[in-house]
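Please open the complex in a viewer and follow the stops below in order.

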Amino acid sequence: MIQYAGIMLILIGIYGLLTQSNIIKIIVSLNIFELGLNVFIISVGFVREGIAPILTSVNNHNGLVFVDPLPQALVLTAIVIGLGTTALGLAFARSIYRQHGTLNLDEIGGPSNG
Amino acid sequence: MTFDIVVILMFLGAFSAYLISKASLKAGAYATTVFSLGALAVLLMGRSEIGSEFSVLFMNFEVTVIGWYFSGVMVLVYAMTSFFNSFWMDKMMYPGSYNFLYLFSLAGTLGLFFASDLITLFIFWEVVVWSSTFIIPMGKSRRAAVVYYTISSIGSMATLYGIMLVYRISGTLVIQEAFVPLKEDPLTATVVFVIFVMAGLTKIGIFPFHIWLPLAHGSAPHTFSPVLSGGLVKMGAFIAYMSVAILPAYEAFEGSLKIMGIPLQLYFLMILGAISIVLGTLMAIKQEDAKKLIAYSSVANGGYILIGILMMDQLSFAGSMMHLFNHAIASAAAFLAIAVVAYRTGTTKISELGGMIHRMPLTYLTYLIAIISLAGIPPMGGFVSKWLIIQGLADRGLMFMALAAFFGSIGSFLYVFRPLAAVFLGQLKPEHEHLKSEPLMMKIPMVILMVLILYFGVLPKWLLGIIGEIQVAAGIEPVMMSGNTILAVNGVLNTLNVFMIFGFGFLISLIIFLLMQKSRRVGLMDTYTSAEFIYTPELYHYAGAFYAPFERLYQNHPSVEKFLGAIAWKFHELGTVVNALFFSHKPAVTVFWTSVILVMITLGGAGI
Amino acid sequence: MVNPVLLIALPLLLAFVSIVFKAYKNNLLVFGTLLNAGLVLTLNKGQYIIGGFQPPFGINLVLDDFALTGILIINGLFLVITLMSLEKLEGFASVLLVALAGLNGLVLTGDLFNLFVFLEITAITAYILSSASKEYRYAFNYLVLGTLGSGLYLFGLIVLYAVFGTLNMADLSVKMAAVDASQLVLPSLLIFIGLAVEVKILPFNGWVKGVYSGTNSLVGPLFASVYAAGMLFVFGRIFAQVIPLGTYLRTSLVVLGALTLLAGEVAALSKTRIREILLYSSIGQSGLIAALFLSGLVFVAVMQLVNNALSKAILFTVAGQMADSTGTDEGEELQGAFLEHKIAGVGFTIAALSLIGLPLFYGFISKMNLLFGIFYSDNYWLPVVILLGTVIEGTYMVRLLVKLWTPGDEGIVSEKAFATERPLTIQSSKVMGIVVLSVVLLIGGLLPAVIQDNLTDSGSLLDEVTPAYLFDLKGGQ
Amino acid sequence: MKRIFALVLVAVVGILLFSGIYSMEGFPRYGEAEVSERVSMSYIDKNVTRENQEVVFGVSENLETGSANIVTSIIVNYRSFDTLGEVTVLFVSALGVSLLFGSFEGRLRSRYKPNFILRTGSKVVFPLILVMGAYIFIHGHLSPGGGFPGGSMIASAILLMYLADEDFRVRIDDFKKTEGIAGAMYVLLGLVGLMISNYFLSNFLDTGTVGTLFSAGIIPVVYVLVGLKVGSELTGIITDFLKGEVE
């Protein structure tokens, strides 16, 4: 079911964050995580047999069974925020590559332990 | 009314001393003298106002006999030492700040002794700690200040816990009332007592908290060592007194196991005091530096004071209170004498000195009288107080303590003689041939202290009268005197007679000295090398390895310093471990810990 | 009547405008911070609805004592810090305006999802500011962890929405209180982790070291005092007022906070670089404040928070300036640095002593109160941890202060000649700011009623949580 | 080894998440969400006072919010403040990106030259995409979509031009100005609402009849602003990313 898939995607994202040391892959993992989250959010508002929460000339009154519109609104916000952080993350990735010549965090080395 | 003015005035005085120092350093230093002497005068005149209460900002004060007595001792030491300040102004890094902190810490001690609630007490305690912490590094050691602060704050934080616990139980912070409910609950009372007295132990420098004394006293600016040793150490005695007398420990521990009539809790502390006496004495014998030597003697004397306070009886307690005064002025005098030497020669190492008597006889005399008092030799004040303490101990049959006390007295002969012989007697070093005598401003406090030491050794009646009042206030039998005779259970001590006898002996030896043939002076190097040239003369200085055979007996002793150092190092290592475990530039590390915590807490939650 | 939404809207407006009129963006920033600081003083407490839809359907701003203290601290410190370090602005003026709006929104909002949005705004400005050190891998690490954290927050939030059908804090807290707390362990924990990343609670704070250790005299104090204060206010709002914690969760989270305190202080002890010492001290303080909030001691937590924010602003400004102008913040190499900068040195000292909690400074008042508070909640182990932390903190702070004031090796009398010759300069604007902040700390220590009244001010939430045991400033009788 | 360990850890986390979520009392099974128990019911009814109210497409007038698209009504009316925040997030990320790449000049070039079909086709498609984007954000209150998708479409058109023409360069300053002005207008719109009806971002215009183009009060206005803003922001981000290595 979609909801389980959402949680699975979240877990895959966490797995990626745990194991990957390539910056691009980390960003991808983060995106998978967010994607899973978004799927989960949408699934929380799903009503069986519900229709999309838009009044049209066909589904023309509010007595019908709609799915919960609020999670959809929230997801929109979450997606845009995810886009913002991804853009910034990629910009950082490019800056790191310019600075260190690699995208692999293992090769960059950590802070000196002084 | 006068006392609140004194407290406020001292704080204002601290600031004005700083401002005056900006205009003229010497004037700032004299300001410290003027203000501390003023405080002393007000204290002496205001004795009739004991019992008055007042509040400043959110802090409350009450002048008690014991507070008055302690602050008198403290201000006396500060005032006498302050005469020396002006000579060090051009040598200090922050002379203005020194003057400021000097008076500021004095103001803090006054507030401490007058505090009527526990928070006020704690506030001034900490004020004194941090203001003195910043004076110490102006001397020779940065580490000393840190060790001093750490040890002090271990004690004060423990005390703070005690204060909070007391407040939680009794709902009040007023010193006289806060401890009352503890009497019914010996277990809590034990906890409160032990952690409360910690601050006292750290400040007096009782084993195992003694390590800061030699470091701080030995390395502080020469003008502050007398205050540290003679004055600030006594704050610890004040806390110890409060824990024992106001708790009151003997009532609270009525039901606990007793050894020779002393509750186990107190007996344990007494043992620590006894250890301090022995340890301080043995370590003092070893020291190469005159200041460190007196610092270790402070550890030993702190042991006497603590034991006497813990006894809470007619004789030992009185002895302890008196010893507090005697030790304060004697150790201040001794440190001042060393300060004079350091001022003129620039060193305090025993092996680099010698023959100072030829250049500064008054300093020699001051030092002589001070250490006689410290060692507890008649006819000085130190003898009377130690006699009282030992009388009390013997009376209760506390032989271990009494033995330690005796050991301390005899051991102190060894260590006080050494700087006397090596620094002041013996032969003057060639480079010190042209030293000048001590300046007049330095002579004044030394003469005053000398007179006081001698006076209270011979005529302690006035002092013991005040101590009797303290004893009455604490609810114990006051020490009895008849004329110049102190009445104890196992004997009496007529201090005037003792003085007469010693005076007579002194006269006889003086006559012998004058009649006997004078010694012939030999060049310093001639004595041991027969005029042969040597490269390392200091090895041949007779003060080097003075008590070598005796020191060899305990040279491999276990060391608390090393143990505490190891603990500090463990903390350091733990910090590195924390850093390596949790902080990385890779997100995976933190994600890992996040997952682990998530698992642990949810699993734990599922189990409940 | 001034609507507090202006505190968010006006900086945002100025931020948008500053993109159009690039040349004036620094002026716009100064104008915006001044405007906000002025507006804060004119606010009235109450609930302010946005968009005209009553809660829980619309979003509302809650301006109670708690939030008022929060925005007072945030806007005030933001103003002082910005004015102190204007020369370090570089291109960050617009970002700072957005950050100001975000922080205000964070503290004011009464809606959990709106909080998430402001959390992200604030976090993204923080990522950008942390790249000012040019150490992009640390900024990247922060970004990943911050995004993961806010993702987990959102996850927990959505689970709560699925169960309770509302996002409004007040509505949710009522509904949650009616349910057995053991049912809510998972969402509460997820929200906790999400905020803990920003609040710097161990072990979620792996980013702090890299980011804080390279901060300059503008970003350092902003992070350590303004951002930290904003995040902690949110944390307090959520965990002391919205989400009811069960005994189990409360205990384990308080333990986590206490461990953070100890670990932070111990790690600081092993460091020699000034900014590293300070950053670990920040972690420790965050742990302490979080533990207080989790114990339900809101008032004392706020006091400690204020103390921490004020002190850290001074400490990080001086430390950042040292690094900026001399190129190092190694304590050993800066021996005697305060010899030539006595006023800044005194300010630094006051801040450090206040942080330790020594009397005459505000830190003492807050430390006393928090200890009283904890004892009155019948918790006897937490004070032991706090006091142990204080001893360690005092040790390394005094060690640092002694080094900065009195140069020289062991066994040698300290002399001016040993002082560092590194070209340390401290601008007069910074010195003035430091003086202002340290005077506040002193006033708070001597006349605590002044600050106290501003914090309590006859209000709703705060008074309810902490009734009778307040250190009543008369010796506690 | 590390991977296996991570896998085990993630599996444990997963099990706990699943069991934690689905063992919660009141967590709805998939597809069984009770919308009537949630605040969303009022959004559907367009009435936050919780009185049941009939809303009919093309008939009902002067409702709380006049948007036929209920999600849009939430985004731009009920939770408009979130949207302002969302816009700000995008704004500040774009700002961050441009700060990071601020010193770069020129633009990156693909290794392969754009082929003829791409070059010609993009010129045909470009205006169509722009119109489509504009349509989507103008009709945001009636049909799926709105300011964000519309803005993204506009940006995608620009991206297409970048891909198709190696020498294509937008004048970034103009886009920045558009972005700033649109954002400022949004905030000003909120402030006007604050002045008129005492609520920030309130829908102070007439909401009209549900389902008509000129309805829903400020929603279309906001969506036009958001669309312009998002479009120019994303264009800015794309342009910044394509800046070259020359400093």
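**Stop 1: domains of chain D.** Select chain D and colour domain 1 (2–33) and domain 2 (60–246) separately; such bounds come from an automatic or database domain assignment. The centres of domain 1 of chain D and domain 2 of chain D, taken over C-alpha atoms, are separated by 37 Å.

This is a predicted model, in which local features need pLDDT of at least 70 and side-chain atom pairs count only at pLDDT 80 or more, while totals for chains, interfaces and linings use all residues. Residues are numbered from 1 along each chain as its sequence is written, and chains are lettered from A and ligands numbered from 1 in the order in which they are written.

**Stop 2: confidence.** For the complex, the predictor gives an ipTM of 0.88 and a pTM of 0.90. Keep chain D selected and colour by pLDDT, the predictor's confidence in each residue, from 0 to 100. The average for chain D is 83, and 98% of the residues score at least 70. Within chain D, the highest mean belongs to helix α4 (residues 80–100), at 89, and the lowest to strand β2 (residues 243–246), at 67. Helices (H or I, at least four residues) and strands (E, at least two) are DSSP runs, numbered from the N terminus. Where pLDDT is low, the predicted coordinates should not be read in detail.

**Stop 3: chain A against chain D.** Next, display the contact between these chains, which takes 40 residues from chain A and 47 residues from chain D; two residues are in contact if their C-beta atoms, placed from the backbone, lie within 7 Å. On the side of chain A, the elements giving two or more residues are α1 (2–19), α2 (23–44) and α3 (69–100). The most come from α3(A), with 15 residues. By class, this side of chain A has 24 nonpolar, 14 polar and two charged residues. Here Ala, Val, Leu, Ile, Met, Phe, Trp, Tyr, Cys and Pro count as nonpolar, Asp, Glu, Lys and Arg as charged, and the others, Gly among them, as polar.

**Stop 4: chain C against chain B.** In this contact, 60 residues of chain C meet 60 residues of chain B. Elements of chain C that give two or more residues include α6 (136–164), α11 (247–269) and α16 (382–405). Of these elements, α16(C) gives the most, with twelve residues. The side of chain C that touches chain B comprises 37 nonpolar, 15 polar and eight charged residues.

**Stop 5: a helix pair in chain C.** Select helix α4 (residues 93–108) and helix α5 (residues 112–130) of chain C, whose axes come within 8 Å and cross at roughly 145°. Axes are lines fitted to C-alpha atoms, for helices over the stretch in contact, and angles run from 0 to 180 degrees between N-to-C directions. Among the residues in contact are C:V95 and C:L103 of α4(C), and C:F118 and C:I121 of α5(C). This contact has eleven nonpolar, four polar and no charged residues.

**Stop 6: a buried proline in chain B.** Finally, select B:P263, located in strand β4 (residues 262–263) of chain B. Is B:P263 buried or exposed? B:P263 is buried, because 22 other C-beta atoms lie within 10 Å; the classes are buried at 20 or more such atoms, exposed at 12 or fewer, and partly exposed in between, with C-beta atoms placed from the backbone. Leaving aside neighbours within four places in sequence, B:P263 is in contact with B:Y250, B:F253, B:S256 and B:K258. The C-alpha atoms of B:P263 and B:V194 are 13 Å apart, and the two residues are 69 residues apart along the chain.
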